Amino acid sequence: TPAEREYALESLLAKISLELFTSAEETRFERSVYTAASNHALLTRFAIDDSYVQSIRPYETFPMTDVGTSQAWMRKSLLFEDPLYLVNYLYASFVAVALYEKAVGDPHFAAKYTTLLRRGFDAAPSALLASIGINLSDPAVLDGVVRLFKSRTDELQALYDQEPVGVPSH
């Protein structure tokens, strides 16, 4: 039904938004901490606070004075428990969208993907992905994410714009 389609699109867009924007913010912070730590034996809480503020500034809509520092980055436990997890999660989201695009756009994708899975992990991830036509160094991968986000947003907007059934117009 249109209501179910609307719900599904809202859920998908919420997930894509989380993966893109939150993962990008976290990835930028993770990278900045590791880069700063490579030059110092120990980072202070204040150094990490500063790195956090600088990292999230491009993503923040509220004044930076209203953004929690230590409270916010200390909640990102994966940064410390599983180094580079956040970076990998962002790339994984890009790969998922690239796989989706291949699945809906290439009639031979299922066979190619099955062959890839049968190989196991016998090569570097970049080589494995290249075998099915995905190159993470190509900006087109990000373009695919943007296309999917835009097309589904447009589709959801069209559903919102439809007059509800049984509701008289004004």
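The second largest pocket holds about 230 Å³ of space. The structure is a predicted model, and the largest pocket in this model has a volume of about 390 Å³. The points below describe the residues and helices that line each pocket.

**The second largest pocket**

- Residues from α1 (2–37), α5 and α8 (140–161) line the second largest pocket, with at least two supplied by each of these elements.
- The greatest contribution to this lining comes from α1, which gives 5 residues.
- By residue type, the lining of the second largest pocket consists of 8 nonpolar, 1 polar and 3 charged residues.
- Among the lining residues are Lys15, Glu19 and Arg152.
- The lining also includes Leu12, Ile16, Leu20, Val97, Tyr100 and Leu148.
- Ser93 is another residue that lines the second largest pocket.

**The largest pocket**

- A total of 15 residues line the largest pocket, and those nearest its centre are Val95, Phe121, Pro125, Leu128 and Leu129.
- The elements that contribute two or more residues to this lining are α5 (85–105), α6 (109–119) and α7 (125–130).
- Of the elements, α5 gives the most to the lining of the largest pocket, namely 6 residues.
- The lining of the largest pocket comprises 13 nonpolar residues and 2 polar residues, with no charged residues.

**An element found in both linings**

- Helix α5 supplies at least two residues to the lining of the second largest pocket, and α5 also gives 6 residues to the lining of the largest pocket.

Note on methods. Residues are numbered from 1 along each chain as its sequence is written. This is a predicted model: local features need pLDDT of at least 70, side-chain atom pairs count only at pLDDT 80 or more; totals for chains, interfaces and linings use all residues. Side-chain values use heavy atoms; hydrogens and water are left out. On a 1 Å grid over the protein atoms alone, a cavity is a set of points where a 1.4 Å probe fits but cannot get out, and a pocket is an open set with protein on both sides within 12 Å along at least five of seven lines; lining residues have an atom within 4 Å of a point. Grid points are joined across faces, edges and corners, and a volume is the space filled by probe spheres set on the points. Helices (H or I, at least four residues) and strands (E, at least two) are DSSP runs, numbered from the N terminus. Ala, Val, Leu, Ile, Met, Phe, Trp, Tyr, Cys and Pro count as nonpolar, Asp, Glu, Lys and Arg as charged, and the others, Gly among them, as polar.
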